[in-house]
Amino acid sequence: MSPAPGLSGPVVHDEVVPARAPWTHALARGETLRIVDLEGNQAVDFLMYAAHDDAERYSAQDTVAAQGNLFLRTGAVLLSNEGRPMMTVTDTNVAYHDTIGGACSCESNTLRYGHHTKSQHACVENFLQGNARYLRNKRDMVSNINWFMNVPVEADGALGIVDGISAPGLYVDLRAEMDLVVVVSNCPQVNNPCNGFNPTPVRMIITAPGVG
């Protein structure tokens, strides 16, 4: 594939994650992960854990409280449950990203969309598959980030999952502020507009720190 514009430093990993699939990868402090929405409006559910002690992991509560905003934009710092920076959003050409929409599961699909959806693959299953490599289980799952997902909050507090605001080729860049492991679900949801009712691949590019 063509080089990623705007990224400095050598590319150390470049992979296309198929639609509906999980993905896990370790990042060293200073490396940058670019997530590219290849075909547009594809939600990417995202967790992260400190590499040396996975009891330290992403905290939606700490992140939202520290920045005073539910939405993630360029400059947002993603904090752990120890209050330490895990990653920084160094660049994105999407207006904002979601912190509160959660991860779909077989159970939530059944509740929201009917019993006929019970057998559909969901983000929770992807997270469990990715975490199993590190001997983690459902107890180790926390509230996740949803890159590219549009979950507006109305004045009365109501929220909903609506048509996305991403487009083909848009991206988010995340710099690791500690050694960590990211666990991703390339969301398989087909019952609401978060993936345009058509899950598609995404591209994961990891670069080492630039020189100079």
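Visitor: How do strand 5 and strand 6 pair, and over how many bridges?

Guide: This is a predicted model, so read every feature as part of a prediction. Strand 5 covers residues 77–79 and strand 6 covers residues 85–92. The two pair in the antiparallel sense, over three bridges.

Visitor: Which residue takes a positive phi in the hairpin of strand 5 and strand 6?

Guide: Five residues lie between the strands of that hairpin. Among the hairpin's residues, G83 has a positive phi, near 80 degrees.

Visitor: Where does strand 8 come in, and what is its pairing with strand 6?

Guide: Strand 8 spans residues 170–176. Strand 6 pairs with strand 8 over five bridges, in the antiparallel sense. Find T88, then cross to R175, its bridge partner in strand 8.

Visitor: Let me step back. How many helices and strands does the protein have?

Guide: There are three helices and 10 strands. Followed along the sequence, the pattern reads β-β-β-β-α-β-β-α-α-β-β-β-β.

Visitor: What share of the contacts comes from residues 24 or more positions apart?

Guide: Take the contacts with a separation of 6 or more; residues 24 or more positions apart account for 76% of them.

Visitor: Now take the strands in order. How many bridges join strand 2 to strand 9?

Guide: Six bridges join them, and the two run antiparallel. Strand 9 is residues 180–186. T24 stands opposite V183 in strand 9. A26 has V181 as its bridge partner in strand 9.

Visitor: And how many bridges join strand 4 to strand 9?

Guide: Seven bridges, again between strands that run antiparallel. A50 has L180 as its bridge partner in strand 9. M48 stands opposite V182 in that strand.

Visitor: What joins strand 4 to strand 7?

Guide: Three bridges do, and these strands run antiparallel too. Look at D45: it stands opposite N146 in strand 7.

Visitor: How do side chains sit on a strand?

Guide: In a regular strand, side chains alternate between the two faces of the sheet.

Visitor: Why is strand 4 said to be largely enclosed by the rest of the structure?

Guide: Seven of its seven residues are buried, so strand 4 is largely enclosed by the rest of the structure.

Visitor: Is strand 9 mostly covered or mostly uncovered?

Guide: Strand 9 is mostly covered, with seven of its seven residues buried. One way point L180, V182, V184 and N186; the other way point V181, V183 and S185. For the whole protein, 48% of the 212 residues count as buried.

Visitor: How many aromatic pairs does a search of the whole structure find?

Guide: It finds two. F46 and W147 form an edge-to-face pair, 5.7 Å centre to centre, with 75 degrees between the planes. F46 is in strand 4 (residues 44–50) and W147 in strand 7 (residues 145–147), so to speak distant parts of the chain, 101 residues apart. Both F46 and W147 are buried.

Visitor: Why is the pair of F71 and Y96 tilted?

Guide: The planes of F71 and Y96 are at 50 degrees, so the pair is tilted. Their ring centres are 4.7 Å apart. F71 lies in the loop between helix 1 (60–67) and strand 5, and Y96 in the loop between strand 6 and helix 2 (106–113). Both F71 and Y96 are buried.

Visitor: Which residues lie over the faces of Y171 and Y49?

Guide: R34 lies over the face of Y171, at 3.8 Å from the ring centre. R136 lies over the face of Y49, at 3.8 Å from that ring centre.

Terms used
Residues numbered from 1 in each chain as written. Predicted model: local features only at pLDDT ≥ 70, side-chain atom pairs only at ≥ 80, totals over all residues. Heavy atoms only, no water. Pairing = 2+ DSSP bridges. Helix = DSSP H or I, 4+ residues; strand = E, 2+ residues; numbered from the N terminus. Buried < 20%, exposed > 50% of the residue type's maximum accessible area, 1.4 Å probe, protein only. Contact = heavy atoms within 4.5 Å. Phe/Tyr/Trp six-rings, centres within 6.5 Å; stacked < 30°, edge-to-face > 60°. Lys NZ or Arg CZ within 6 Å of the ring centre and 35° of its normal.
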